[in-house]
Amino acid sequence: MKNIIDVRNLIFEYFRRNETGEVENIVEALSDVNLQVEKGAFVSIVGANGSGKSTLAKNLNALLLPTEGMVIVDGRDTRDADKRLEVRKSAGMVFQNPDNQIVGTTVETDVSFGPENLGVESEEIVRRVETVLNLVGLSNKKRISTAKLSGGQKQKLAIAGVLAMRPECMILDEATAMLDAEAREKIMRIVHGLNKEYGMTIIHITHFMEEIFDSDYIYVMKEGKIACEGTPEQILAQPKKIQECHLECPA
């Protein structure tokens, strides 16, 4: 099976500046990260706060670019400026706070926004909006104001907005972190359904250990590095390693 994501020796550095804009120091947020995701796989990246997982997520769809190494998305190098739009079409991102990516005043207009910007024809946009709202369970909210949605409904809308652009891969960057347990479970059911029923590649980034054990493969991060990786069974067999990464083993 072909890899849709191929991360090779990735190093990413942040520059910290003082009040005058001068660089005070350089922080290495990611250190020699290697990671592969096969098309159609469900891969989880788990780590405590500050482990580098969100920085890695932003490198996967070219919101951030490598300091060293490379990130290949569906055969395209993110360092190639001419390929970045295609990279972002291939790898759609759902963020922790859905308010940061909701732009429409109603559910319908918000989902339409992405395809419109891609130049999709009007009739096709209407079809896509109907399809994705059905998938996430918001078809009865089509003309509702986005401001009136609950947190869980807003996250469903954010997922629908990404789906409407027909990405090959969906990256969820702590997309369940702000939700209660019931809403988190609903979002995870939707995401697993997209993977199992439609073959969509999913990269799920989280600090909730209970969300990762239906994955095909897991990467555990600590201090900007991959601390361990493997199938759910292989990760569960390393409780000491999990604790060293400041994570709690599921009961």
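Me: How exposed is Y217, buried or partly exposed?
Reply: This is a predicted model, and the values discussed here are computed from it. Y217 has a relative accessible area of 27%, and a residue has to be under 20% to count as buried and over 50% to count as exposed. Because 27% falls between those limits, Y217 is partly exposed.

Me: Which class does Y219 belong to, buried or exposed?
Reply: The relative accessible area of Y219 is 2%. The cut-off for a buried residue is under 20%, so Y219 is buried.

Me: What kind of aromatic pair do Y217 and Y219 form?
Reply: A pair of aromatic rings is described by the distance of the centres and the angle of the planes. For Y217 and Y219 the distance is 5.2 Å centre to centre, with 65° between the planes. Since planes over 60 degrees apart count as edge-to-face, the pair of Y217 and Y219 is edge-to-face.

Me: How many aromatic pairs does the count come to, and what kind is the pair of F12 and Y14?
Reply: The count comes to two aromatic pairs. In the pair of F12 and Y14, the ring centres are 4.9 Å apart and the planes stand at 85°. F12 is buried at 7% relative accessible area, whereas Y14 is partly exposed at 36% relative accessibility. With an angle over 60 degrees as the criterion, the planes of F12 and Y14 make their pair edge-to-face.

Me: Over the ring of which residue does the charged end of R184 sit?
Reply: A charge and a ring can also be placed relative to each other, and here the limit is a distance within 6 Å of the ring centre. The charged end of R184 lies 3.6 Å from the centre of the ring in question, and that ring belongs to F208.

Me: In what order do the strands of the open sheet lie?
Reply: Strands of a sheet pair through backbone hydrogen bonds, either parallel or antiparallel. Strand β1 (residues 3–17) is joined to strand β2 (residues 23–38) by eleven antiparallel bridges, and β1 is also joined to strand β4 (residues 68–73) by five bridges, again antiparallel. The open sheet has four strands with antiparallel pairing, in the order β2-β1-β4-β5. The edge strands, each of which pairs on one side only, are β2 and β5 (76–77).

Me: Which residue takes a positive phi in the hairpin of β1 and β2?
Reply: The hairpin of β1 and β2 has five residues between its strands. The positive phi in this hairpin is near 90°, and the residue that takes it is G21.

Me: How many of the eight residues of helix α1 are buried?
Reply: Helix α1 covers residues 53–60, and its buried residues are K53, T55, L56, A57, N59 and L60. Just after α1, A62 takes a positive phi of about 70°. The helix is largely enclosed by the rest of the structure, because its buried residues number six.

Me: How much space lies in the largest pocket?
Reply: The largest pocket is lined by 22 residues, and those nearest its centre are M93, Q101, G114, V162 and M165. By class, its lining has twelve nonpolar, seven polar and three charged residues. At least two lining residues come from each of α2 (84–90), β6 (91–94), α3 (107–117) and α5 (151–163). The space in the largest pocket is about 520 Å³.

Me: Which element gives the most to the lining of the second largest pocket?
Reply: The second largest pocket holds about 260 Å³ of space. Among the 14 residues that line it, L163, R166, P167, Y198 and M200 are the closest to its centre. Both α4 (122–136) and α6 (181–198) supply at least two residues of this lining. The element that gives the most, with three residues, is α4.

Me: What volume does the largest cavity have?
Reply: A search of the whole structure finds one cavity of 30 Å³ or more. R88, K89, G92, V162, M165 and P167 line the largest cavity, and by class they are three nonpolar, one polar and two charged residues. The volume of the largest cavity is about 40 Å³.

Conventions: Residues numbered from 1 in each chain as written. Predicted model: local features only at pLDDT ≥ 70, side-chain atom pairs only at ≥ 80, totals over all residues. Heavy atoms only, no water. Pairing = 2+ DSSP bridges. 1 Å grid on protein atoms, 1.4 Å probe; cavity = no way out; pocket = protein on both sides within 12 Å on 5 of 7 lines; lining within 4 Å. Points joined across faces, edges and corners; volume = space filled by probe spheres on them. Nonpolar A, V, L, I, M, F, W, Y, C, P; charged D, E, K, R; others polar. Phe/Tyr/Trp six-rings, centres within 6.5 Å; stacked < 30°, edge-to-face > 60°. Buried < 20%, exposed > 50% of the residue type's maximum accessible area, 1.4 Å probe, protein only. Lys NZ or Arg CZ within 6 Å of the ring centre and 35° of its normal.
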